[in-house]
Amino acid sequence: MSKIMDGKGIRVGVLGATGTVGQRFITLLANHPFFIIHALGASARSAGKPYSKAANWKQTTPIPSIVRDIIVHECKPEHFENCTVVFSGLDAEVAGDIESAFRAADLAVFSNAKNYRRDPSVPLVVPLVNASHLSMIPQQQALHQPPLKRGFVLTNANCSTTGLVIPLHALEKSFGPIESCIVTTMQAISGGGYPGVPSLDIIDNVVPYIGGEEEKMEWEVLKILGGITQGDDGLKTFDMHARNPLRVSASCNRVPVIDGHMMTVSVRFARRPPPSPQHVREALVAFTPEAQSIGCPSAPVHAIFVHEDPDRPQPRLDRYYQDGAGVSVGRVRQCPVLDIKFVVLANNVSIGAATSSIINAELAISKGFVKAPSVQ
Ligand SMILES: NC(=O)c1ccc[n+]([C@@H]2O[C@H](COP(=O)([O-])OP(=O)(O)OC[C@H]3O[C@@H](n4cnc5c(N)ncnc54)[C@H](OP(=O)(O)O)[C@@H]3O)[C@@H](O)[C@H]2O)c1
């Protein structure tokens with residue numbers, strides 16, 4: 001990675017560049033040590049316009065000057081020919097076909113959409129948790145007709161799943177399998193993209209339903225926290241945590257917060273007696289993901305901050321912890337029904353979306369799954 005950072009770079013494209021996640025990609029990539037924004041894509045409504053006119057910019061920092069005049073294209077591989085990597089913040093309605101076309105054009109696609117998360121040869125990776133799942137990429141390339149040399153799709157998780165699995169993984173690393181988890185989310189409006197829930201429905205209100213979200217959380221946790229097994233035929237399979245079955249119950253709510261998904265979590269460990277709240281706090285603080293130890297530049301320096309104040313974390317105060325790349329945990333205490341309960345806050349557009357994709361791409365480079373012709 002240091003060679004790439006040594007004055008050279010890798011050309012990348014952003015699909016869905018005008019949307020909520022796309023804008024966060026632009027903000028992060030504009031300052032990236034080796035990714036160079038080369039092409040931008042969105043719908044036919046935006047195509048042909050300079051980015052500054054196509055995007056309804058909603059970030060708190062100005063549009064980076066390097067993208068203002070880039071002409072937005074439709075999301076067709078021929079417009080992204082000189083890119084090695086594309087980051088996708090595409091609407092799920094269109095992401096399936098478009099991402100598949102980019103993979104077939106031998107590009108490495110890092111997606112935020114749900115379309116390929118359940119595909120048995122597509123890694124579903126939260127980069128602070130299951131970087132080892134990148135090992136499925138060669139199988140995905142070999143199964144493609146014709147087999148691919150460089151192209152693949154790798155997805156990151158639903159934004160709420162991401163906030164949940166980071167502390168759960170840290171706890172499983174220290175204390176062994178978790179067997180039950182009950183989670184209740186308080187999810188920010190930006191999680192639904194722009195313009196999202198109408199203001200008259202969300203101000204002074206809580207909406208106790210987010211379509212498909214609970215099913216996504218309950219399923220994705222198993223794929224991410226599970227391992228990979230290899231059959232006698234040599235084919236690898238995601239084991240869905242089957243060696244130690246894990247039951248997850250999620251209740252998802254939309255709350256009038258702009259950015260930052262908060263959730264209350266209760267867990268039961270397989271091991272008896274379970275760890276104490278103090279041991280849980282220490283394990284969360286000590287957690288060091290592989291992305292951090294191998295030096296991915298976008299990985300947080302500290303993955304999990306554990307608050308001692310009883311009224312933290314809070315979205316307005318804590319959503320920018322580690323520029324949104326880390327998660328905040330608080331109120332770690334005994335649970336009278338399961339074993340331990342706590343509160344988590346994760347920035348849904350950063351570690352819940354764009355930041356995860358970028359760290360995933362950094363991991364793929366570091367592990368040799370993306371081989372890029374560098375540019376000066
Ligand atoms: N927001 C979050 O916190 C979050 C977190 C994790 C994952 N995700 C996922 O990330 C994806 C993007 O979410 P978002 O919140 O950024 O949505 P969004 O704000 O609605 O943006 C959607 C993007 O898709 C583009 N698009 C729509 N129709 C298209 C078409 N026919 N062809 C090409 N591009 C098209 C839009 O371009 P135009 O501007 O030209 O219409 C826009 O750039 C979704 O799959 C979402 O589920 C979102």
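A: What follows is a set of questions and answers about this model, which is a predicted one.

Q: Let us begin with the record: which residues does UniProt mark as "active site"?

A: The unreviewed UniProt entry places the feature "active site" at Cys 159 and His 261. These two span 103 residues in sequence, yet no two of their C-alpha atoms are more than 7.8 Å apart, so they gather at one spot.

Q: Where does Cys 159 lie, and is Cys 159 buried or exposed?

A: A residue is called buried if 20 or more other C-beta atoms lie within 10 Å of its own. Cys 159 lies in helix H7, and it counts as buried because it has 27 C-beta neighbours inside 10 Å. Leaving aside neighbours within four places in sequence, Cys 159 is in contact with Gly 191, His 261, Asn 348, Gly 352 and Ala 353.

Q: In which element is His 261 found, and with which residues is His 261 in contact?

A: His 261 is found in strand S11, which runs over residues 261-269, and with 31 C-beta neighbours inside 10 Å it counts as buried. Once its neighbours within four places in sequence are set aside, its contacts include Cys 159, Ser 160 and Gly 163, as well as Thr 185, Gln 187 and Ala 188.

Q: How should I read the packing of two helices, and at what angle do H7 and H10 pack?

A: Two packed helices are described by the angle between their axes and the distance between the axes. Helix H7 (residues 159-175) and helix H10 (residues 277-286) pack at an angle of about 110°, with their axes 9 Å apart. Angles of 65 to 115 degrees count as roughly perpendicular, and H7 and H10 are therefore roughly perpendicular to each other. H7 passes H10 in a right-handed crossing, where Pro 167, Ala 170, Leu 171, Ser 174 and Phe 175 in H7 meet Val 280, Ala 283 and Leu 284 in H10.

Q: At what angle do H7 and H9 pack, and which residues make the contact?

A: H7 and helix H9 (residues 213-225) pack at an angle of about 35°, with their axes 10 Å apart, and H7 passes H9 in a right-handed crossing. On the H7 side the contact is made by residues including Ser 160, Thr 161, Leu 164 and Val 165, while on the H9 side the residues include Glu 213, Lys 216, Met 217 and Glu 220.

Q: How can the length of a helix be checked, and what does H5 pack against?

A: One can compare the span from the first C-alpha to the last with the span expected at 1.5 Å a residue. Helix H5 (residues 92-104) has 13 residues and reaches 19 Å, close to the 18 Å expected. The buried residues of H5 are Ala 95, Ile 98, Glu 99, Phe 102 and Arg 103, and these pack against strand S1 (10-15), strand S4 (85-88), strand S5 (108-111) and strand S6 (152-155). Just after H5, Asp 106 takes a positive phi of about 70°.

Q: Which other residues have a positive phi although they are not glycines?

A: Met 240 has a positive phi of about 55° although it is not a glycine, and its place is in the loop between strand S9 (236-238) and strand S10 (247-254). Gln 322 also has a positive phi of about 55° without being a glycine, and it is found in the loop between helix H12 (315-318) and strand S13 (327-334). With 16 other C-beta atoms within 10 Å, Met 240 is partly exposed, and Gln 322, with 19 C-beta neighbours inside 10 Å, also counts as partly exposed.

Q: Finally, where do cis peptide bonds join residues?

A: The value to read is omega, and a cis peptide bond with omega of about -5° joins Gln 145 and Pro 146. Pro 146 has its place in the loop between helix H6 (137-143) and S6. Another cis peptide bond joins Arg 272 and Pro 273, again with omega of about -5°, and Pro 273 is found in the loop between S11 and H10.

Methods:
Residues numbered from 1 in each chain as written. Predicted model: local features only at pLDDT ≥ 70, side-chain atom pairs only at ≥ 80, totals over all residues. Helix = DSSP H or I, 4+ residues; strand = E, 2+ residues; numbered from the N terminus. Expected span 1.5 Å × (residues − 1). Buried ≥ 20, exposed ≤ 12 C-beta atoms within 10 Å, placed from the backbone. Contact = placed C-beta atoms within 7 Å. Axes fitted to C-alpha atoms, helices over the stretch in contact; angles between N-to-C directions. Parallel < 35°, antiparallel > 145°, perpendicular 65-115°, else oblique. Left-handed = near helix turned anticlockwise from the far one by under 90°. UniProt positions renumbered as here; feature names shortened; annotations may be inferred.
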